[in-house]
Amino acid sequence: MEPKTCNTNNNNLIIHSHEIPSAMEVHKVVPPPHISSLSKLKNRLKETFFPDDPLRQFKGQSLKNKWILGAQYFFPILQWAPNYNFKLFKSDVVSGLTIASLAIPQGISYAKLANLPPIVGLYSSFVPPLIYAVLGSSRDLAVGPVSIASLIMGSMLRQEVSPTTNPLLFLQLAFTSTFFAGLFQASLGFLRLGFIIDFLSKATLIGFMAGAAIIVSLQQLKSLLGITHFTKQMGLVPVLSSVFHKTNEWSWQTILMGFCFLLFLLLTRHISIKKPKLFWISAGAPLLSVIISTLLVFAFKAQHHGISIIGKLQEGLNPPSWNMLHFHGSHLGLVIKTGLVTGIISLTEGIAVGRTFAALKNYQVDGNKEMIAIGLMNIVGSSTSCYVTTGAFSRSAVNHNAGCKTAASNIIMAVTVMVTLLFLMPLFQYTPNVVLGAIIVTAVVGLIDIPAAYQVWKIDKYDFIVLLCAFFGVLFISVQIGLAIAVGISIFKVLLQVTRPKTVMLGNIPGSNIYRNLDHYKDAVRVPGFLILSIEAPINFANTTYLNERISRWIEDYEAEEETKKPSTLRYLILDLSAVSAIDTNGVSFFKDLRMLLDKKGIELVLVNPIGEVMEKLQRADEAQDLARPDCLFLTIGEAVASLSSTLKCQSSNYV
């Protein structure tokens, strides 16, 4: 595209005393190469669902290697198992036994948190880790029940079914919810729809986890105080009301034991945080607490003096439970909803934990593989008397610090749990519930991340509002409604950004061809006769009305600033489209309507640096060649201003 020229001996173009950089070569804006609609659709689907291009590893490989790579892709255990050696095994045995010492008491505790029999927590620490060891892509993730998912499942199911009056139905609904959670998780992985869980922003998760941790801790006051009749509600007010209205049920023996063990567990946690090399202290503290408290209860017959115990637990490995799954009846909607919510929460936690430790060891975790692995282990788990499991942060941190090398540490942990289920269950008969409550409180305290909340406050106040909504929603309403409120506000923020795209006025940095935001760069100045705007978002049906109104206001403000009532000196409206990544039919109509509006005002519309897709759609819709004329289409703002300033000077000279 050749710029308009006129005879002048001065290369410095001056308009109204503003110095424009010397005339420059104007580069032609090249239309994008023709690509068929089928190819465009293929590329768009590939970028949407296969951004990691999983098939690239098969290119140029022999048929045999393709089969091997395919098997390794679906079964990551085949990647590390062939090179497994005794040195790796020693490290995995140490880490596996270490996390087993944490998983056994946590499994029993979290099952009670979900209002399930304690033995189900141990079942859930046996089968799912074996499945994950075969299908998972993380070396550090330690699989098992987690506090938040346990709390959500227990609270949601208890809204319709009582775990005390109808324990069998409650157990059946828990297994069915686990099945639907796994089905949802695996479907996201197979269909590569993992971006859905990205709607749980960091701010949402920080607030939600903190609120849920407080609710979980308050729920343990039933065990820590020895209260028999406790509220079934999850909100802060009913829980505290139940605590202080049942002071006659408080047991000083329970309070004393609970306070001592809680202090011990918190102290060991503090030591491990201050000195990470002493991780084994906090890792072994829960099991040590269970052993000591059980011996104390057995020795002093404390169960007859106000301290409640677990009672006899069933021996043996996981019994099948596929015959207990309910896919019909009045509770179907409840189990689907419970499975969906617990599935999203557990999947988000598992992937976040896996990626965190993968970054520390400089390897990649495949999100879609993780979804499939976690989903399938929950589907299988629902048929083997397990409830929702995922990668737990506390156990994974212990696994990482213990020096695990591969996912075989999960197998070692599962074997240890298997031995416990077969031979050691009678030893837990006298374990007091108060110690299990102390273990839960210690585990969830780490979910209250005040420094992260402060960081959110410093960076983005709107995100902090989302965080507070999640936090207070969980505290004062319910876990699931608090989460829904926070997600709703987060989505509203995204919609607000889509419907109200940022539009800024640009000015020239004197002595250069650089144009920047006038509000940001104070030394930037306007170019007389030009209104230069930058649109920093895709243009679509949701924001064209706003853009039309906003640009009209820019023009009115420009004209209002004129000192005289003579006709406005505004000749060109330049739109920088560098940040406009997409446009739809409404967007094209927006440019047409804007062009007609500007023509009535005697203002020329100039487009700068439209990307290929935007330019292609404008050309297709521009039959009269009004929008994409060569003299109104430029590669940079500098070239546009230089060329158009030259035109203005020519016109002014001819008039004189």
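This is a predicted model: local features need pLDDT of at least 70, side-chain atom pairs count only at pLDDT 80 or more; totals for chains, interfaces and linings use all residues.
An open sheet is formed by 6 strands in the order 6-5-7-8-9-10, with mixed pairing. Strand 6 (515-517) and strand 10 (633-634) are the edge strands, each pairing on one side only. Strands of a sheet pair through backbone hydrogen bonds, either parallel or antiparallel. Strand 9 (residues 604-608) and strand 10 run parallel and are joined by 2 bridges; within this pairing, Val608 has Phe634 of strand 10 as its bridge partner. Helix 22 (residues 544-560) packs on the sheet, where it touches strand 5 (503-508), strand 7 (530-535) and strand 8 (572-576). The direction of helix 22 makes an angle of about 155° with that of strand 7.

The structure contains 6 salt bridges. One of them is formed by the side chains of Lys361 and Asp140, at 2.9 Å from N to O. This pair links distant parts of the chain, since Lys361 belongs to helix 14 and Asp140 to the loop between helix 6 (127-135) and strand 3 (143-144), 221 residues apart. Lys361 is partly exposed, with a relative accessible area of 27%, whereas Asp140, at 0%, is buried. Glu604 forms a further salt bridge with Arg595, with 3.0 Å between the closest N and O atoms. Here Glu604 is partly exposed at 24% relative accessibility, while Arg595 is buried at 7%.

Glu613 counts as partly exposed at 25% relative accessibility, as does Lys617 at 33%.

Most residues other than glycine have a negative phi. Asn115, however, has a positive phi of about 60°. Asn115 is placed in the loop between helix 4 (86-113) and helix 5 (118-123) and is partly exposed, with a relative accessible area of 23%. Asn609 also has a positive phi, near 50°. Asn609 occurs in the loop between strand 9 and helix 24 (612-621), and its relative accessible area of 28% makes it partly exposed.

A nonpolar patch on the surface is formed by Leu317, Val415, Val419, Leu422, Phe423, Leu424 and Leu427, which together have about 590 Å² of accessible area. Of these residues, Leu317 lies in the loop between helix 13 (279-300) and helix 14 (332-361). Leu317 counts as partly exposed, at 34% relative accessibility.

Note on methods
Residues are numbered from 1 along each chain as its sequence is written. Side-chain values use heavy atoms; hydrogens and water are left out. Patches are made of residues with over 30% relative accessible area and no salt bridge: like charges are joined within 9 Å, nonpolar side chains (Val, Leu, Ile, Met, Phe, Trp, Tyr) within 5 Å. Accessible areas come from the Shrake-Rupley method with a 1.4 Å probe; for residues, only the protein chains shown count as cover. A salt bridge is a side-chain nitrogen of Lys or Arg within 4 Å of a carboxyl oxygen of Asp or Glu. Helices (H or I, at least four residues) and strands (E, at least two) are DSSP runs, numbered from the N terminus. Buried means under 20% relative accessible area, exposed over 50%, partly exposed in between (1.4 Å probe, protein chains only). Two strands pair if DSSP finds at least two bridges between them. Contact means heavy atoms within 4.5 Å. Axes are lines fitted to C-alpha atoms, for helices over the stretch in contact, and angles run from 0 to 180 degrees between N-to-C directions.
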